[in-house]
Amino acid sequence: MSTITRPAWAGKPRPVALVLKSVTIVLILAVILFPFLTVISTSLSSAEDVAAAGGYVVWPRSVSFEAYQQVLSGGIVTRALLITAGVTAVGTALSVTVTVLAAWGLSRRTFFQGPVLMTVMLTFLFAPSMIPLYLVVKQLGLLNSLWSLILPGAFSVFNMVVVRGFMMGIPQELVDSAKIDGAGEFRILRQIIVPLSRAVIAVVALFYAVGYWNAFFNAMLYIDDTAKWTLQLVLRSYVLQGSSLVGTSTDSVAPPPQSVQMAVVMIAIIPILMVYPFVQRHLTKGVLTGAVKG
Amino acid sequence: MSHLPTPRSARPAVPSAGSSAFSRRRLLSGAGVGLAGIAGASALAGCGGSAGGAGSPAQISTDLAELPTYTAITTGPTPDLPGTEIVQPAYFTAPQSADLWRSVEDAQLPESSDPVSAFIISYATPPPSDNPFLDQVNERLGTTLDMRITSSETFTQKFATVVAGGDMPDMVEFIAFDLPPNHPQLLDSQFADLTPFLSGDAISDYPNLANVPSISWENCRVNGKIYGTPVHRPAFGSILVSRPDLFEEILGEEPAPTSKDEFTAMLTEVTDPKAGRFAMTGQSAGSAVEWGWDFLGAMFGVPNGWGLEGGKLIHKFETEAWFETLEYIKELWDLGVYHPDTPSSSGSQAKAYLAAGTSLLHQDGISALLDKTSPETPYDAIVPFAADGGPGIMYQGSSLFSFTALKKAEDDRLVDQLRILNYLAAPFGSEENFFLTYGTEGEHHTRGGDGSVSLTDDGTAQISPSAVSYLSAPPQVLFSAVPLEDRLTRDHTWQGATESMLLKSEVAGLYSPTSSKASSAEGDVLTAATEYVLGRAALDPVHGAVESWKSGFGDTIRGEYTEQLG
Amino acid sequence: MNVTSPTRPALPVPGPAPVPAGHGQGTAPLRRRLTFGARARRDYPLALMVVPALILLLLFVYVPLLGNVIAFMDYQPYIPIAQSPWVGLRNFTLLFEDPSFWTAVLNTLEITAVQLVLFFPVPIALALLIHSLAWPWLRATLQSVLYLPHFLSWVIVVGFFQQSLGAGGVMNNWLRQLDLGTVNVMADPDTFILLISAQVVWKDAGWGAIIFLAALAAIDDSLYEAAAIDGAGAWGRFWHVTLPGIRPIIVLLLILRLGDALNVGFEQILLQRNAVGPGAGEVIDTYVYFHGVLDANWSTGIAAGLIKGLVGLILILAANKAAHMLGEQGVYAKS
């Protein structure tokens with residue numbers, strides 16, 4: 001629906017409702033955007049301005065890109081960005097595939113639905129601890145490989161349950177009529193179910209993508225080679241420079257203040273901001289109109 | 001001063017509407033840290049993840065190895081402000097090229113060129129994958145250093161997996177303020193006892209290491225044996241950092257209180273809530289609030305951890321002075337001289353208050369005096385004094401940033417690694433140290449006409465991030481590439497005034513297996529104390545918590561220490 | 001006005017309430033129970049679909065879960081696990097005997113309950129608000145802005161709150177200027193739950209709305225048309241089309257949230273617990289952190305984790321059952 005006109009069935013909105021909604025929206029925008037304004041302003045201020053202001057700058061006295069320069073120089077962040085982008089792309093593709101398959105496989109009444117679902121739900125409740133998992137990853141030869149950032153968390157039960165929840169609403173008649181037409185299960189999934197589930201798949205893909213993008217702990221644990229550090233690892237090291245209790249006397253680089261921390265936040269967020277519109281396209285209405293009628 | 005590891009989410013697949021802790025579960029359900037040799041490994045053939053060796057906690061040893069004989073190296077540039085074994089010498093300018101001298105002869109370089117791996121914490125940004133500086137270091141050493149760098153935030157967890165996974169590198173850094181739990185057992189079972197190589201006169205094989213003051217070496221001695229080489233820091237424990245310029249502005253003079261009453265008066269005078277200015281700030285630390293216990297406790301004569309009273313060991317919780325300190329803290333809180341957000345501030349927020357002038361005093365480590373965020377802002381420290389006006393006490397710290405332990409190996413391998421550490425510990429002013437700090441001229445640094453040195457972009461990106469300075473280093477001196485003359489002078493003066501006030505813990509260097517299990521009981525005492533200060537609870541729970549600590553752990557620990565004091 | 005459209009729409013559409021029990025397999029009136037073999041032959045492609053996920057779970061969850069056996073041992077680090085003494089349930093009884101543990105449990109449950117009321121509905125309300133806007137550009141803008149706070153770390157979010165609402169923060173400085181006395185919400189144990197709920201709403205409500213937006217998008221427009229034709233006004237359409245449309249996902253997420261009931265946020269609370277004291281601020285995860293992790297007492301932590309999982313399991317089963325009684329499929333339905 002890309003037109004501005006209201007759908008015919010909607011009728012005109014009452015003025016009270018309009019006013020209430022507008023006020024709410026303005027409030028929400030203010031409450032969220034104001035702190036972000038602070039983040040952006042702080043990232044564009046010099047270290048001294050930030051220190052003098054007590055840590056956060058609402059409107060920069062003078063715009064300075066030194067924080068961004070500090071973070072982006074040397075190509076280390078760029079390299080990490082590429083690594084993380086790669087991991088995210090591959091990981092999301094893998095995760096979505098595995099999840100959609102499992103969700104559909106578990107959404108119909110089958111001989112295994114009960115026990116498998118129970119098994120899967122148990123993993124939702126009981127998570128393994130760090131070192132046994134580390135040992136498994138090591139045994140599989142994944143240490144120091146980028147696959148260690150993808151495989152252990154590739155399947156999220158939560159995401160699968162959500163996709164499955166949506167899929168359970170797909171009527172069996174649809175599937176049966178396709179089978180009568182001679183379609184196999186996989187084809188049904190690919191040609192009928194997935195298009196119908198576009199919205200939820202897009203959302204779950206977003207969830208996975210953000211998860212991979214923000215992943216930090218796995219990278220810290222499994223990657224030894226600093227050349228393979230992911231974006232979050234690198235960015236956090238910038239954030240921490242200032243917390244050093246050491247202050248090596250020969251450092252000629254000042255420990256980064258809030259301005260760098262905020263620049264780091266912005267650098268991590270911007271790619272996600274760029275990706276979100278693609279997800280949003282799938283959240284439009286009318287996905288299913290005509291699906292069953294024909 | 002505890003530096004807490006902060007757990008992070010363990011899974012990449014994240015969000016659920018309303019369940020923000022979803023991803024924390026992995027870390028905490030396993031208590032995250034430190035599980036070694038899990039039996040589940042039996043399902044994994046050849047896992048070998050068990051940290052073999054000792055089947056029981058290390059036995060308490062009553063023999064203390066002799067410390068390496070301290071042999072100061074006097075060659076080198078004359079400091080602008082002279083130092084002693086405790087007070088750091090200060091240098092205002094970088095050494096001139098002509099004055100550089102070689103401290104390590106070829107014969108003292110490692111014999112074998114086998115690569116040496118090291119597990120290091122770094123506070124710097126990650127190094128580039130192609131690091132010419134590190135290559136040059138390797139060239140000089142005649143071997144290859146494989147640096148496995150972890151960011152400081154994640155060091156503890158990473159360390160745990162390294163131990164559990166059996167992937168121990170040759171050299172491992174043990175952070176003095178963040179030692180792994182049960183580290184004496186760990187050292188005993190996995191790391192080499194370096195006593196034969198370093199004790200007494202044996203250290204003469206490694207002159208640069210012999211140059212490190214004995215206080216630092218003391219804390220490389222665990223359970224009687226020397227396990228590592230020190231990365232030296234000044235011996236002072238927590239200090240009360242101040243903004244002398246603001247005191248001057250408000251009171252007309254820099255702060256130099258000599259008694260409790262003078263101190264209190266000073267605090268109230270500079271506090272002005274309407275102007276958004278508070279005398280002192282603490283921070284949230286561990287499971288309670290850090291009110292400045294070390295500085296204030298020393299004022300009342302509280303022992304440094306464990307003290308001796310009538311020949312018997314007594315813990316600070318058991319002293320009257322400690323409760324006096326508690327009352328004083330409460331008095332100060334009620335007077336409003338603490339920054340009101342003290343209970344919820346983090347360490348870096350507290351530092352930010354100090355930098356912004358919102359607070360004028362903050363208990364911190366001595367390195368805070370060299371904070372370079374705003375080089376123009378003066379930082380100083382308060383010289384300790386006793387509550388009744390007498391001479392003050394300064395708790396002695398470990399005088400270490402870290403020590404580097406060596407994995408059990410053949411003797412020649414250990415000797416080679418010690419030689420590497422010796423090289424890296426080349427003293428200030430030596431050719432090696434200059435290289436390790438500034439790299440190669442033209443590539444990593446440039447010389448100004450006045451002899452000043454500045455790092456190039458390559459230098460900044462390659463040298464500090466390579467983290468070799470955390471592996472081994474010379475005694476730290478007061479020097480800064482960024483001009484900080486005023487700060488260095490103040491730091492030096494303060495150290496001189498405080499040198500004689502250092503007070504050790506009576507149990508420094510001794511080993512108590514039970515003490516590593518006591519931290520939550522200690523935390524409970526401090527939590528109860530904080531609740532009392534904030535007016536949310538009475539004094540009785542504090543006494544109660546102390547009793548619990550005493551009966552649960554304190555008496556046992558006392559026994560263990562007493563055994564070793566002989 | 002006669003609203004004749006039923007709560008269950010006549011057209012079968014994904015999203016709304018499921019077909020009543022007994023109508024699982026198409027419309028054949030005669031239902032013979034197939035043999036297991038026959039069902040296996042029929043279902044094996046679907047089984048294949050589930051295999052990759054199962055492999056991942058097996059490798060990366062079930063095998064490492066074996067390590068949780070140390071909950072029943074007095075684990076000694078750095079030595080092979082087999083050499084740690086077996087203590088059976090002692091770690092659990094130690095936990096149960098510690099009053100601080102129960103304080104933590106109660107706090108955790110309290111926080112979950114409060115947030116179910118104060119937080120859980122907010123993403124739904126936000127999604128409905130956005131969904132009801134007529135201008136696509138406004139919808140898009142709002143959506144993109146709302147989820148931004150999710151990406152800030154808790155350190156930053158708590159820092160913001162401290163800067164604005166802390167005792168030395170903007171609000172209180174202002175109050176001081178006006179001689180109105182100060183209000184310190186960051187260190188007040190009585191309002192702690194409200195504080196952290198407000199923080200969670202600010203940070204995650206927008207992000208949580210995304211999934212409801214997807215659910216709303218899945219509701220067929222023709223249902224709205226039909227309802228309007230039958231004379232339903234805005235409220236009528238909402239009650240009879242929209243709500244039933246998203247009810248299944250609401251129930252689903254509610255059940256999952258209950259399974260997670262004992263997880264209420266670690267980093268967020270750790271940062272603020274000391275200021276309000278353990279009486280109000282201790283939750284199970286922080287308790288484990290201070291009494292397990294820091295003490296090198298790993299068995300405690302794992303034991304607590306098992307307890308959390310068990311309680312979560314019970315809650316999920318109970319909630320699922322309740323959902324069935326309300327006519328929903330919930331997470332798992334035998335129908």
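Tutor: Let's start with a sheet: four strands of chain B form an open, mixed sheet in the order S9-S14-S8-S15. This is a predicted model, where local features need pLDDT of at least 70, side-chain atom pairs count only at pLDDT 80 or more, and totals for chains, interfaces and linings use all residues. Residues are numbered from 1 along each chain as its sequence is written, with chains lettered from A and ligands numbered from 1 in the order in which they are written.

Student: What makes S9 and S15 of chain B edge strands?

Tutor: Strand S9 (278-281) and strand S15 (380-381) of chain B each pair on one side only. Strands here are DSSP runs of E, at least two residues, and helices are runs of H or I, at least four, numbered from the N terminus.

Student: How do you know that S8 and S14 of chain B are paired?

Tutor: Pairing needs at least two bridges found by DSSP. Strand S8 (239-242) and strand S14 (359-364) of chain B have four, in the antiparallel sense, so they pass the definition. In S14(B), His362(B) is the bridge partner of Val241(B).

Student: What makes S2 and S4 of chain B a pair?

Tutor: Strand S2 (116-122) and strand S4 (171-175) of chain B share two bridges in the parallel sense, with Phe119(B) opposite Val172(B) in S4(B).

Student: Why are H7 and H10 of chain A called roughly antiparallel?

Tutor: Helix H7 (157-167) and helix H10 (198-214) of chain A pack at about 175°, with axes 10 Å apart. Axes are lines fitted to C-alpha atoms, for helices over the stretch in contact, and angles run from 0 to 180 degrees between N-to-C directions. Under 35 degrees is roughly parallel, over 145 roughly antiparallel, 65 to 115 roughly perpendicular, and the rest oblique. That angle therefore makes H7(A) roughly antiparallel to H10(A).

Student: Which residues make the contact of H7(A) with H10(A)?

Tutor: Among them are Val162(A) and Phe166(A) of H7(A), plus Val204(A) and Phe207(A) of H10(A). A contact means C-beta atoms, placed from the backbone, within 7 Å. The residues divide into eight nonpolar, one polar and no charged. Nonpolar covers Ala, Val, Leu, Ile, Met, Phe, Trp, Tyr, Cys and Pro; charged covers Asp, Glu, Lys and Arg; the others, Gly among them, are polar.

Student: How many residues link domains 2 and 3 of chain B?

Tutor: 14 residues of domain 2 are in contact with 16 of domain 3 in chain B. H11(B) gives the most to the domain 2 side, with four residues. That side divides into 10 nonpolar, three polar and one charged.

How values were computed. Contact = placed C-beta atoms within 7 Å.
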